[in-house]
Amino acid sequence: MQSPILKKYGDSQSPWYTIYPTVSQFSAVVGAKAYEEWLRRLAPCEPVSLYFHIPFCRSICWYCGFPTAMTLQDAPILDYLTVLREEIRLVAEKVPKELPVSDVHFGGGTPTLIKPAEFLDLMRLLRLNFAFSRSATIAIEIDPRAFTAEMAEALGAAGVSRASLGVQSFDPIVQRAINRVQSEAQTAAAVKNLREHEISGINFDLIYGLPRQTVQSCVRTATLAAGMRPDRLAVFSYAHIPSFKKNQRLIDEAELPDNGARAEQAAAVADTLVAAGYRQVGLDHFALPEDELALVQKAGRLRRNSLGYSADTCRTLIGFGPSAVGRLGDGYVQNEVTEGPYSRQIRAGRLATFKGCYLTSEDRVRGAIIERLMCDLEADVPAICAAHGFDPISFDSAERLALLAEDGIVDIEDGLIRVRQEHRFLIRSVAAAFDAYPYRAPS
């Protein structure tokens with residue numbers, strides 16, 4: 001049975017606040033022209049992060065909320081790589097020569113569908129056009145079902161240092177209900193191949209709230225995952241939005257756990273991982289005590305960006321590929337979401353930006369407060385305002401905060417807001433008190 005607090009706040013459709021303002025506030029007011037101007041104004045010596053979206057999979061998982069396409073052939077991937085290389089050249093022409101890069105992330109889809117030789121060629125092109133630091137972190141997302149020893153060798157040769165493996169659940173019943181059958185052995189083999197090629201930074205993605213999932217199956221999955229000793233685990237809540245993602249219509253809604261069951265699953269996974277020696281980081285990440293993510297959280301330097309929790313301190317993120325989001329000093333931009341319109345723009349010699357938003361001074365202050373809440377479960381509002389050159393200002397949030405305090409979710413003293421540990425799963429509802437924009441769920 002749901003607790004009164006969970007019933008009151010658990011159904012909240014608050015954003016995940018990986019960025020602020022959220023993508024729902026993006027518009028065509030910011031387009032390719034603005035993006036080009038922002039790229040040209042980048043500081044020549046300030047490190048940046050790069051993100052590459054590879055939008056292909058061999059099969060579509062029914063729970064997936066990302067823009068992907070299924071292909072059983074390599075030709076569409078090769079065609080796409082041709083376009084991606086052109087986008088890299090277009091961006092490189094507009095930024096300062098040898099722009100320094102400290103972080104790179106390949107997301108998907110399934111980036112490791114790229115053949116080993118093609119991935120090495122892509123990395124050579126990047127190093128030709130940007131100045132990689134010696135300590136640059138290069139990360140890639142992996143589907144263990146389609147991962148080979150040859151690809152592991154190529155990743156090691158390319159300097160990849162971190163890999164994120166999609167696991168979701170080890171329960172065969174759940175796997176069949178989401179169209180992702182993946183054995184424990186396949187995951188273990190991928191981990192072994194990565195470590196043999198000195199890719200030691202390993203992350204697992206798990207999901208709770210899936211169809212036919214139980215507390216027991218969540219605990220078993222977390223136990224098996226912890227036994228492989230990844231450095232980090234991201235434990236996400238399944239978001240069921242079939243009106244927005246057609247593949248989710250294949251999931252039987254009657255088999256989805258309710259909010260009370262989801263909360264029990266989340267708590268059980270957290271307890272299992274903490275008992276296995278992991279530290280909880282922010283809302284939904286776990287890391288070994290010596291991992292960089294745990295260390296930056298302890299030091300108060302944990303960040304949150306469009307990829308989730310991160311130790312990346314770069315203020316600039318340049319996104320490549322369809323749907324990719326970028327952040328520059330002036331605001332956010334997003335490429336065309338689907339591969340067709342994206343490719344047509346790039347092939348015509350134009351940046352594929354189709355929407356974004358300008359950041360106002362107030363956006364920056366609100367975003368800083370929200371980020372600290374999401375990262376530290378607390379925020380010193382007067383101090384953050386002062387750091388941004390603001391007097392403490394009213395955020396039209398007093399009533400919402402008072403309600404949260406009355407319900408025992410937060411403690412407030414002299415502008416310092418702390419979320420109680422037992423209610424950390426409601427942090428999004430607390431952050432929403434500082435959101436100036438009405439949230440629009442995907443439709």
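Two strands pair if DSSP finds at least two bridges between them. Helices (H or I, at least four residues) and strands (E, at least two) are DSSP runs, numbered from the N terminus. With that in hand, β17 and strand β19 (residues 416-419) pair in the antiparallel sense over 3 bridges.

This is a predicted model, where local features need pLDDT of at least 70, side-chain atom pairs count only at pLDDT 80 or more, and totals for chains, interfaces and linings use all residues. Residues are numbered from 1 along each chain as its sequence is written, and side-chain values use heavy atoms, with hydrogens and water left out.

**A three-stranded sheet**

- The open sheet holds 3 strands in the order β17-β19-β18, with antiparallel pairing.
- Its edge strands, β17 (378-380) and β18 (410-413), each pair on one side only.
- Neighbouring strands here are turned by 10° against each other on average, direction ignored. Axes are lines fitted to C-alpha atoms, for helices over the stretch in contact, and angles run from 0 to 180 degrees between N-to-C directions.
- Glu-378 has Arg-418 in β19 as its bridge partner.

**Helices on the sheet**

- Helix α12 (residues 361-376) packs on the sheet and touches β17 and β19. Contact means heavy atoms within 4.5 Å.
- The direction of α12 makes about 145° with that of β17.
- Helix α14 (residues 398-406) also packs on the sheet, touching β18 and β19. Its direction makes about 120° with that of β18.

**A buried loop residue**

- Ala-158 sits in the loop between α5 (149-157) and β6 (162-168).
- Ala-158 is buried, at a relative accessible area of 6%. Buried means under 20% relative accessible area, exposed over 50%, and partly exposed in between (1.4 Å probe, protein chains only).
- Leaving aside residues up to four places away in sequence, Ala-158 touches Phe-119, Leu-120, Met-123, Arg-127 and Ile-138.
- Pro-116 is 42 residues from Ala-158 in sequence, and the two are 9.7 Å apart in space, C-alpha to C-alpha.

**Backbone details in loops**

- Tyr-20 and Pro-21 are joined by a cis peptide bond, with omega about -5°. Pro-21 belongs to the loop between α1 (4-9) and α2 (32-40).
- Another cis peptide bond joins Gly-108 and Gly-109, with omega about 10°.
- Glu-98 is not a glycine, yet has a positive phi of about 55°. Glu-98 is exposed, with a relative accessible area of 54%.
- Arg-212 has a positive phi near 65°. Arg-212 is partly exposed, at 47% relative accessible area.
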